[in-house]
Amino acid sequence: MKQFEALTRKDNQPVRYLIVDDSVFARKSLAKMIESFGGRLAGEAGDGCTAITEYTRTKPDIVLMDITMPQMEGIEAVERIVQEHPDARVVMVSSVGYQDNILAALQKGARHFVQKPVKPDALYEIIRYVLNDDGVTPPPTITVEEGKVR
Amino acid sequence: MSFPSDEQSSELRDLFFESAQEILQGMNEAGLALEARPGDVEQLRHVRRAVHTLKGDSAACGYRELSELAHDLEDVLTPELAQQNAGLIPEVILTAADTFHEMLAAYRNNLQPPAGGALHEHIRRLLNKPAAQAQDVPAEANFEWSEYQRLMIVEALRRGENVYNIALQLDPEALLPAAAFELARKSLDGAGRVLAIRPEDGASAEDSRSIRAALSTTKTADWIRKRCHVPSVVSSISVERAPVLQSPPRDLLDILIESEAAALSAGVKPVMPATVPIEEDEAHEPAASSGLAHAAAENMLRVDATRIDTVMNLVGEMIIGKSMLQRAMAEFERRHSKDPLRGRLADALAFQSRVLGELQKSVMKIRMVPVEQLFRRFPRIIRDVARLRNKDIVLELAGENTDLDKSILDALSDPLAHLVRNAADHGIETGAEREAAGKSARGTIRLNAYHDGDQVVIEVSDDGHGLDREKIVRRAIERGLLSAQEANQLNEMESLQLIFAPGLSTADEVTEISGRGVGLDVVKSSLEALKGTVELHSTPGQGTTFRLLVPLTLASIRALLFRVHGRLYAVPLASVAEIARITEQGIHRIDDHEVFQLREQVLTLVRLDRLGPHAVGERAARIFVIVIGTGGRKFGLAVDSLMGEEELVIKALEDQLVTSPIVSGASILGDGTVVLILNVPAVVSHLSRIAPLGATA
């Protein structure tokens, strides 16, 4: 898999991810991608309910969340997470055809969305954008660790 | 808080318009200088200062649109941007000078100023050039808002907020346009306050792949570019400062309040986006911040020209009074030649006369301005024509310091501009043609001014292909201006003079520059109205020279006085070539008119008592002939007696009094006698209808 320049947090620590998807395959492939971005897997969840508890437990920097899941839909999970943690950076992952759901998720506080099948380049750019996107204050210059390619 | 009185503010505005003209002239000159030497930092700084002054002054006068545009322009005239766009800067400055000129004209006539689209476009281009990602946004991205949206933008601008127009191009690969729109919209919301957006919702974004928005923000354009360039949603982005919008009609009170607010804030520098580095030297430019105050502080008075005219008129009356005294004095000397009082009176009179002479000169000097004021306009005209016609033309100026009466100078402005334009457009050939003719590819236009006695001569010469005499004559015959037979009698100079006839243009194609239906006939009549003349010399292949001769001043004239049939007349001394005496036997008749021989030349003889070819009875054996030369023609004026020369103060004749076009004015002598001043050009044109002048027999 292609390697990217590592994305880091402002404190230069690796970015920690929570991956939420009911498909194990999807979770594995997303985990591989974030690894190539220099990120760390903080937790995984197969449904919305678990996602909420995992979020509270792991406090990840980024949540990658599938839009359609059993028990609790992604939209509801986003809403609950953002209500409790307004700083949460949730990126919706969705296949085409769920535009209305994506729209709703964005309105509930998701920061971005990425289409399935997920292209690493697109996801990398999105995460970089979302990491710097703190809404109100100007973003700091993007901190990318020079030459640290894993 | 008090509003300035109407008079005060109108005076202020007059002052503003005047100083603004100077600023624009300076911009034109600096623009040309930068074109010649791109990257001249000194010139750039000069322009920037000028624009800064204009910004402050126009704000103080309540001309918000101009002030804002000047502000935007100032922002892009940084050494950094200028270095990156050295080729573009001169054009921007010249466009700005034109735009500001139009806006000023509109303000002067209380009209809504034009928006200055071309200048906005330039500024936008300058601002965006470093941001390469804007490339695929269509350049003509126009922002058309509804009336409400415009109002929002205008209001925000009025509050001094920074408003940007933002165009977002949505990624064509984004398969969820509504979601993409939502994200883009959110990014805008995060960047500031969205004043206007189109489309307004994601549903309509389905078919339009781009979003336009006006955003009020404290952020910089760069920040916005980063923030709103949402990955996998926005493929490209353009951010530019919002142009000044025409606000919906407002009521007077609003405008007054706004003017006052603008005046108050004029000294305060609005917050600038950080993309444009603010120069350190800003603080070292005290002159820039208050051009009006600066102009007022100089030891200069701006006086209404009519006031000077009044003084001039009074001086004229005093000269007549002096003449009356001198005549009375002469009478006194005759009667009381032994009276010791005579010497004292004569001394007092001499003293008074000397002071009066000084006074007259001083007053005239007030009206005098160097022709440089006029010449300054021409580099720009020539540059524009040269560009449009793709020619290489250099302008040479000489004698810029020659003084001329302001009113004459003003009246010369249009005719001279016409001649200069003509020279550049028609006179000078294209580079290829010039080289084929063995000349250098670069054409030269020369403007020269100098004093010649009581006249000022202004020459416009070019080293182009010269006038085609054959063509002029042919055209004149076609237009029925004269018959082929008459044409045969014309000499070289006379046939060239035909181009001053109305409706005769030899330019094969009417170009957009000079072919505006205003011909050389207008130049000629303007000159005649100034009691001036225009001469023309042309050598095929080598060029053409127009010589404009105008009196130094219109207020007084040195004239030769003469009598015909007991009546007193005068001709301007400047047009008198010589005085001759001839005998009746020396007068011959050719066709229908009288001629006489003066050395090798045969000249037409004009008699004022019968401007026509009728024979009369007895005449003195020897008669005086005043030989008058004007516009390259000579003719003789038969007079009964010569009365000497005198400084005449010209009194305008009221229209209903003037029955003859050949009289241009009148004057009163010391003894109260009225003198009529002949309008020499009119006499010439009157004559040329009767007989060709100066035709060699």
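Which residues of helix 5 of chain A are buried? In this predicted model, they are Leu123(A), Ile126(A), Ile127(A), Tyr129(A) and Leu131(A). A residue is called buried if 20 or more other C-beta atoms lie within 10 Å of its own, exposed if 12 or fewer do, and partly exposed in between, with C-beta atoms placed from the backbone. Local features need pLDDT of at least 70 and side-chain atom pairs count only at pLDDT 80 or more, whereas totals for chains, interfaces and linings use all residues. Residues are numbered from 1 along each chain as its sequence is written, and chains are lettered from A and ligands numbered from 1 in the order in which they are written.

Chain A has five helices and five strands, which follow one another from the N terminus as β-α-β-α-β-α-β-α-β-α. Helices (H or I, at least four residues) and strands (E, at least two) are DSSP runs, numbered from the N terminus. Of the 150 residues in chain A, 40% are buried. Among contacts in chain A between residues at least 6 apart in sequence, 63% join residues at least 24 apart; a contact requires C-beta atoms, placed from the backbone, within 7 Å. Helix 5 of chain A (residues 120–132) has 13 residues and spans 18 Å from its first C-alpha to its last, close to the 18 Å expected at 1.5 Å a residue. The expected span is 1.5 Å times one less than the number of residues. The buried residues of helix 5 pack against helix 1 (24–36), strand 3 (62–66), strand 4 (90–94) and strand 5 (112–115) of chain A.

In chain B, Met27(B) lies in helix 1 (residues 6–36). Met27(B) is buried, with 24 other C-beta atoms within 10 Å. Leaving aside residues up to four places away in sequence, Met27(B) touches Val47(B), Ala50(B), Ile93(B), Ala96(B) and Ala97(B). The C-alpha atoms of Met27(B) and Thr95(B) are separated by 9.9 Å, although these residues are 68 residues apart along the chain.

Helix 2 (residues 41–60) and helix 3 (residues 64–76) of chain B pack at an angle of about 155°, with axes 8 Å apart. Axes are lines fitted to C-alpha atoms, for helices over the stretch in contact, and angles run from 0 to 180 degrees between N-to-C directions. Helix 2 of chain B is therefore roughly antiparallel to helix 3 of chain B; angles under 35 degrees count as roughly parallel, over 145 as roughly antiparallel, 65 to 115 as roughly perpendicular and the rest as oblique. Among the residues making this contact are Val51(B) and Leu54(B) of helix 2 and Leu66(B) and Ala70(B) of helix 3.

The axes of helix 8 (residues 177–191) and helix 10 (residues 221–228) of chain B come within 9 Å and cross at roughly 150°, so these two helices are also roughly antiparallel to each other. Ala184(B), Ser187(B), Leu188(B), Gly190(B) and Ala191(B) of helix 8 meet Ile224(B), Arg227(B) and Cys228(B) of helix 10.

Between the chains, 15 residues of chain B are in contact with 16 residues of chain A. On the chain B side, helix 8 and helix 10 are the elements that give two or more residues, and helix 8 gives the most, with six residues.

Terms used:
Contact = placed C-beta atoms within 7 Å.
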